Structures are given as C-alpha cells and as structure tokens.
Amino acid sequence: MRKQFMRMIYETINESTEKSGNVVNAQDHKSEAAAFLAMLQNIEFGVDEYGNVSLPEIHLGKLAFDRMFASFAEQGVEFEQKVEKVKKEKIKAALEQEKIRLSKFMSSGDV
Amino acid sequence: MKKIFLAIGCDIYDYPGLQALNGAQNDAVSIYDHLVTNDGGDYDKERSQLLLSPSISEVQKSIENILFDGDPTVEFTLFFAGHGAVKDGVYFLCIKDSQIDRFSLTALSMTQLFSWLSEAKVSQANIIIDACESGGVLHDIVTLLNPNVIGKTGSLALSILAASSSDEYAQEENGKGVCTAALMSCLRGELIVQTTRPTLDLMEVGKIVSENVRKKGQTPACWGLNLYGTAQFAKNPRYSGGEPHITETLSALTSDIVANQYLRENADKIWELYIAAARGFDVDVFLQVIAPICLRFTENVSISASFIEGIANTFGPRVRENRDPYDEPQLYACCAAIMLKLIEKDASADRITRDLIVRTIESVDKANITLLNQLKDDKYVLLSESTGLSDLYFLPLRLLRVLGWIGGAVHAANFMKMPELLSKDIAKEIVQFIIREYSQSIVAISDEQTPYYVALATACDIMDCKKDVEIISGLLFYSFVESKGRVAASQLTGADALEFLEAKISGDLSAVGDKLARPTTLLSALILVCGSMDMSDVVDPSMKKFDHADINIFVPSTYADFDEEIIEAGMNYSYRIGQSVWNVNDLVKEWNIIRKQIELDSALNCSSVRSAALFSSLLRPNREAWFLLSPI
C-alpha cells in the first residue's frame, strides 16, 4: 500500500514537472554532480511558516544515491564552492521573495 | 375487506377482587357503533365483533377467528374497556371470569396478544385500552405498555393508546371512561385532530386524547411504530378537503411481498432505533439504519416515500418529549435528507419531502419557543448538566448548532415560500439572547461550526438581523485570529476534544495535528461572509496571522449524495493563505468562479432539493451548503 502510494506521489510530481518543463536530464550532463548543480540552479527555495528557508530534498534509489555521492567525491573544492554559491544565492532569493510575499498582506497600520 | 375491529367492554366480574363496573360496556358499544355500525372506519361488518362482558374463552375464540380464520387480517383494532391488572410484570386485561390468583389462565395477557399478532402477521395493529385499576395495586400502565417492555412484536405497524386510572370509579364520567370519552370526541369531530387528511391515525388521535386525559389526572401511554406510512384507524370528520373516506386499506407497501419481507427482516433494527430514540435522537445511527432500508425500494419510489412517511409519523411523537427540543426537527430533517436521491424521480417522493421539510420548519419553530422559554427561566440552560470542562469545547458547538438550525429553518421557509411557518421574532430573540448571555462562548473551536455559521449568516437579511450576525462573525473571527487559524477537525470524540483542548491551552498544537482541521472550511466561511457584509476592513489586517493556513471549499458533484456519510464525488477548492489568498477580495474572486460552477447544478432550482441539502449540512456538519452564499 505504502509502495503504491509513494509511486503515485512520484508519478504526480513527474507529471507536474514534465508539464512545467522544469526537468533536468542527467544524461545531458557530464556527471551526476553536474546534473545536481543544474538541478539546484533550476529550483527555488521555500520559506516555512517560522521564516526558515527550507532546503530542497533529494529522493533517490540506493543505486542512484551511491552513484551521485561517488560523483560528488570525484569533484574538487571548486564544485563545492559552486554549490555553496548557488545555495547562498537561492537562500537570498527565497528570503527576498518571502518579503515580497508577506508584503501582499495588509498590515494593521494600513487600515 | 381486511380491516377488523374487536370491541370488548366488561362491566360484570364473577370473582372476588374485581368489582363490577358500570361504564365499560357503554364505551365498547359507543366506539363499535361509531366505527363499525355507522361506517366510521370502514371496518368489515361481518368479521368485526362486539363482546359485552364475555368469558375468557369467548375472547380467545373471537381473536382466533379474526386473526387466523378466513382471509388474512391486514388491519386489526382492539378496544378494551374493563379492569386491567399487573402480575409478575405482565399486564392483563381482566374478563368476566378472570380470577386474581390465576390470571395467566383466566385473563388476556398483553404478551399473549402480541404473540398472536406476530404469528398472524397482522400488518397494522391498533390497541386501545381504557382500563380501571384493579385489586388496589397501583401500577403504571405507561411503564408496562411502553415499547421497551413489550419489545419487538414482529408487527411492522403497531399503535397503542392506553389509559388507566388508580381509582376505579372516579374516572368514569356519565357512565363513560374518561379516555374513551375523549377518543369519541376526536372520532366525532368535537375535538380537532387534524384537517388535512381524510383519515385519522391512532397515534395522532392518541396525542389529542392524552392532552385531554392528562388534565383529569390520568397519564396515558400513547406510542406506535408504523413502517407503512399513515395508518387509517378512522375517518376524519374534520377533513377540510371534502367527504372523509378511507382511501385504501393500507399503502402500496403492504401489498408488495418483497418489500414486506425486506421490512420484516429489518424490523428488529428499526424497533431498537425506535426504543432508543426516546433517550436522545442520534442522527448518525438513524441515517445509518433508515437510509439503506428506504433506498432499497427505489424501483418503486412510492414505497420508499410511504415508508419514510411512516417513520416520520411514528418517530416524531417518540422524540417530541426529549430533553433536546431540536431532536424532533432533526428527525424530520433526516427523513427529508434521505429522500434527496428520490425527489427528482417521482412526484410522490417530492410531495413527501415537501411535507417533511414543512414539518422540520414547524418543529424548529416549536423548539425555538421551548428554548426561549427555557432561557428565560434559566439563562444557563444551554450549559452542560455534567461538567463545565466539556463546555469549553462543546458549548461553542452547541450555540452555533442552535443558531444554525434557526438559520436553516428560515432559509427553508423562504425556499418553500412559506415564511409564516416560523416566527422570525422568536428566532431573532434567541440570536440576541445568545449574543447577550453567551458572547464569551461564541468562539471558533471546530470546523463543525461551519455549516451552522453559513446557515445563520446567510439568513441574516431574511431575519433582519445583520447587526447580530456581524457581532457573531466578529467574535468568531477574533477567536480564530487568537488561535492562529487552528481549529479542531469536525466530529471529534470527547477524548479527542479533551486532548485538543489541553494542547490548545498549552499553546503547542504540534502533538494533535491529526485532530486539527487542515484545511479548514470555517476560515473560508468567515472570510466570505465578512466579505459579503463589507467587513474586509476588519478581516484584511489580520489575514497575516493565518499565513500558511490551508482553506477549503467542497462542492459535491451531485446533491443527491449530500446526506451520505462519505461523499464520493465532488471538487475540493483548496487555497493556502499567503500563496493565492492574501485578503478577502482574493478569496471572493475565487468564490465567484466556484459559485458559477454551483449554479450549473439545475437540481438546486428545486426548493425541496435545496432545503433537504441544507438540512443534510446541519445533520452531518462536515459539509457546507455553500449555495446559500450569494455572489459577493
């Protein structure tokens, strides 16, 4: 039952991303690490109800997980720096976006 | 003719301990003459019998002839006037040769009578007993002849009217029993029972007789369970539609063998429900038992209609004296809600549903009067009798429930174009009383409040109480803000409600996530109603407090299923505050799109569908009659 439910969730997410075109194909990149970086660049981070930026989650099967981390290990410091830079930019963008979102609420001073 | 009457009047008693009477035979003669000789009830003249001071063997022989010889008896009415007595918890009708020390052999026990009725498969039985108390033993006929004691007789339609006096002579007036005198007044039209149908049902006659006899110190038993619709005990001399007449022996239901068999198989469940109904009306159990039986006959909708009419006729008086005055309207509303699937299929279904809707409105009006009087006597009457703790959760629900039924009845009266059925002044007075005395408890606590709030708030223009609804909306909204948009899910159990309350008081609701309404419909309703009342200036500045709250509006694919426990098909319109909705206007825009979708459902053009769907939302408060909201 759980397996069926999970499959349904992934299928729904897949349909939705295919529809929006927000898809990164690993085969279009030199390595899994490069695909990961492209993926990171393609998404927006969210902000939870407590104002904390929520980082994206990665869901992988065991084989893909091993390959991904092996690919990370092959990368040097430069890759890590790139990831950190994208992350920082995304967090900043998320917080700015959150400010804009919150500004759409009328504050009590607006009355 | 399968309608048979047996009248027994016993003045003469042969054995010690049972003194002679002087009015019992007169009573038997007068009712027999009226119903049989003078055609007051279309009873079979050849098979009906009048027994004056008979022996027990004559009584047994007569009953045997009536019930077991010749064509099966469909309707059997027994009238008995004489002494009644109790022995070992069994009620006996005393006959001329009855002996106190051997009642089981020489008197007619009710247990024996019911066994015969069951064995003979009599479809409709009416029992009338006007008995004088015997032997100086005080007994309570109400207790002994109530359905809990008599239990399931196997009869699908049984009505009992029984009165007994503790003083054997005082209750005879001018040589007639007080109960029989009142009964005869009803049959002759001196007392009005009703004027709308050509026939009288013993239950409705019993109600008038009881009211009259109570004034003279007797407490009669009057109850009945009738699964065949309205029984036709006698012609109604006060019928306003022409000559009173018996239209048919019984409804179509009795002649349908398959339907009859199915009813007999389910009779136990209905009897249990009937017995339990006097302790408090349970909407969920009622719908669970009655709806499947009623809908079993959908190939012949008139059978379903007849069945549901019978249920309403017999359960109505049963719940009328319940502690909660809104039990009776809920009963009729349940019956109307069950008919939602059938209204559009058959004219008889629509007619019965309309009648049930009218009865719902009228009984809400009566409940309003009762409640207002109770509130004037004791302004805290709406508080729980047991513990104050439970009222922290249940009182806000109870208050909204009362207000919701008021609003619902006002709407239904408006849909049916019968505004005169309900006093708006009394309804308004209750609303204002609750605001005045219970304002601290008008708080948003559960999504269960939503359908009630929607029903009341949208009725404010008809009731001319916009200011009152503004106050209620304001109180609910601010308490919602205080709870940061978190209220309980609908229909929590008492234990879950306590857990929710404890978490709410502690300020940490994380442990009761499964008990929260996520998404909530109450917030959708509050925003939309406030929008419709130009209260955006009150709501918008606080919307930020609901940031990340999920709200929902559910619209069913068809209102035919709106009474079901789980509605399978429909559309959930879900929004997250702070994602697509930041203020009243944002949701109003979405609402106007949803509204157009709702308006496409042509079934809602029918006033009975509209009313029954509205009642469904009040009976099962996890769905809302959003169609009540106008375009904003």
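Two strands are taken to pair if DSSP finds at least two bridges between them, and strands (E, at least two residues) and helices (H or I, at least four residues) are themselves DSSP runs, numbered from the N terminus. The structure described here is a predicted model, in which local features need pLDDT of at least 70 and side-chain atom pairs count only at pLDDT 80 or more, whereas totals for chains, interfaces and linings use all residues. Residues are numbered from 1 along each chain as its sequence is written, chains are lettered from A and ligands numbered from 1 in the order in which they are written, and side-chain values use heavy atoms, with hydrogens and water left out.

In chain B, strand E4 (residues 90-93) is bridged to two other strands, E3 and E5. Its pairing with strand E3 (residues 75-87) of chain B is antiparallel and extends over 4 bridges, with Val90(B) in E4(B) as the bridge partner of Lys87(B). The hairpin of E3(B) and E4(B) has 2 residues between the strands, and Asp88(B) there takes a positive phi near 50 degrees. Strand E5 (residues 108-109) of chain B runs antiparallel to E4(B) and is joined to it by 2 bridges, Leu93(B) standing opposite Leu108(B) in E5(B).

The interface between the two chains was examined next. Contact, defined as heavy atoms within 4.5 Å, takes in 11 residues from chain A and 13 residues from chain B. Chain A and chain B bury about 1000 Å² between them, 62% of it on carbon and sulfur atoms, where buried area is the accessible area (1.4 Å probe) that two parts lose on being put together, summed over both. On the chain A side, the residues that lose the most area to chain B are Arg101(A), Phe105(A) and Met106(A), which together account for 55% of what that side buries.

Salt bridges were assigned where a side-chain nitrogen of Lys or Arg lies within 4 Å of a carboxyl oxygen of Asp or Glu; by this rule 2 are found across the interface of chain A and chain B. In one salt bridge, the side chains of Asp547(B) and Arg101(A) meet at 2.6 Å, N to O. Asp547(B) lies in the loop between helix H22 (536-539) and strand E13 (550-556) of chain B, and Arg101(A) in helix H4 (residues 77-103) of chain A, so the pair joins two chains.

Two backbone features of chain B were also noted. Most residues other than glycine have a negative phi, and most peptide bonds are trans. Lys484(B), although not a glycine, has a positive phi of about 55 degrees, and this residue is found in the loop between helix H19 (466-482) and H20 of chain B. A cis peptide bond, with omega of about 10 degrees, joins Arg518(B) and Pro519(B), and Pro519(B) lies in the loop between helix H20 (494-506) and helix H21 (522-532) of chain B.
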